[in-house]
Amino acid sequence: MTKKWNVEVKVNGRVKRAEVEPRLLLVHLLRDEFNLTGTHIGCDTSQCGACTVMMDGKAVKSCTVLAVQADGAEIQTVEGLGTVDQLHPIQAGFWEKHGLQCGFCTPGIMMAVNGLLQDNLNPSEAEIRDALDGVICRCTGYQFIVKAVQQAAETIRNSQQQSQVVPAEGGSV
Ligand code: FES
Ligand code: FES
């Protein structure tokens, strides 16, 4: 009988535990054990990026990580990005700029974009396309995805600038 391992991860802010076989992939831990099915599986060659999640602040393809390697890590999946009532700026950007068609690739693409915008809130079009290199969309042709990312970056930049505005003494902004 295969020895099982205890894994503990913080997923979208909540601590979760599971007993797993050493060969279990992170994507299966998320989908099958934790029921976080927003993370998709689109290939078996580690090429499509549909399974992309954030792990300790970096975008990773969760089909290339063993669940035991994620032990102790902080994971963010698309379910942790925003809510239906309060979309994350990346989700709002995709919505407003029509950055998806069938939507199968979209969770992974959004998480890859999340990784990009954490490091660079003012990416050029070339930098956006470079960041999308590891995620494949079979529908959109990418043009609207690029526009969605530009819109999301602008929204986040604007909200950061607003939060940095300090009211003048004795007055209000
Ligand atoms: S499922 Fe295709 S890269 Fe992970
Ligand atoms: S929207 Fe269909 S694969 Fe990207």
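**Fold walk-through**

Author: The protein chain has five helices and five strands. Helices (H or I, at least four residues) and strands (E, at least two) are DSSP runs, numbered from the N terminus. This is a predicted model, where local features need pLDDT of at least 70, side-chain atom pairs count only at pLDDT 80 or more, and totals for chains, interfaces and linings use all residues. Residues are numbered from 1 along each chain as its sequence is written, chains are lettered from A and ligands numbered from 1 in the order in which they are written, and side-chain values use heavy atoms, with hydrogens and water left out.

Reader: What pattern does the protein chain follow along the sequence?

Author: The pattern reads β-β-α-β-β-β-α-α-α-α. The C-alpha trace spans about 70 × 45 × 25 Å along its principal axes.

Reader: Which domains does the assignment give?

Author: Domain 1 covers 5–79 and domain 2 covers 89–164. These bounds come from an automatic or database domain assignment. Taken over C-alpha atoms, the centres of domain 1 and domain 2 are 22 Å apart.

Reader: How many residues of each domain are in contact?

Author: 18 residues of domain 1 touch 16 residues of domain 2. Contact means heavy atoms within 4.5 Å.

Reader: Now the sheet. What is the strand order?

Author: The order is β2-β1-β5-β3-β4, in an open sheet of five strands with mixed pairing. Two strands pair if DSSP finds at least two bridges between them. At the edges are β2 (14–20) and β4 (58–61), each pairing on one side only. From one strand to the next, the twist averages 40 degrees.

Reader: β1 and β2: parallel or antiparallel?

Author: Antiparallel, with seven bridges joining β1 (residues 5–11) to β2. Tryptophan 5 sits opposite valine 20 of β2. Lysine 10 faces valine 15, also of β2.

Reader: What about the turn between β1 and β2?

Author: The two strands form a hairpin with two residues between them. Asparagine 12, in the turn, has a positive phi of about 50 degrees.

Reader: Switching to helices. Which strands does α3 lie across?

Author: α3 lies across β3 (52–55), β4 and β5 (74–76). α3 runs at about 40 degrees to β3. Axes are lines fitted to C-alpha atoms, for helices over the stretch in contact, and angles run from 0 to 180 degrees between N-to-C directions.

Reader: At what angle do α2 and α3 pack?

Author: Helix α2 (residues 89–96) packs on helix α3 (residues 106–119) at about 125 degrees, with the axes 10 Å apart. That makes α2 oblique to α3. Angles under 35 degrees count as roughly parallel, over 145 as roughly antiparallel, 65 to 115 as roughly perpendicular and the rest as oblique.

Reader: Which residues make that contact of α2 and α3?

Author: α2 gives Ile90, Gln91 and Phe94. α3 gives Thr106, Ile109, Met110, Val113, Asn114 and Leu117. By class, that contact of α2 with α3 has six nonpolar, three polar and no charged residues. Ala, Val, Leu, Ile, Met, Phe, Trp, Tyr, Cys and Pro count as nonpolar, Asp, Glu, Lys and Arg as charged, and the others, Gly among them, as polar.

Reader: And how far apart are the axes of α3 and α5?

Author: The axes are 11 Å apart, and α3 packs with helix α5 (residues 143–164) at about 45 degrees. That makes α3 oblique to α5.

Reader: Which residues meet there, between α3 and α5?

Author: Ile109, Val113, Leu116 and Leu117 of α3 meet Ile145, Val149, Ala152, Ala153 and Ile156 of α5. The contact of α3 with α5 has nine nonpolar residues, no polar and no charged.
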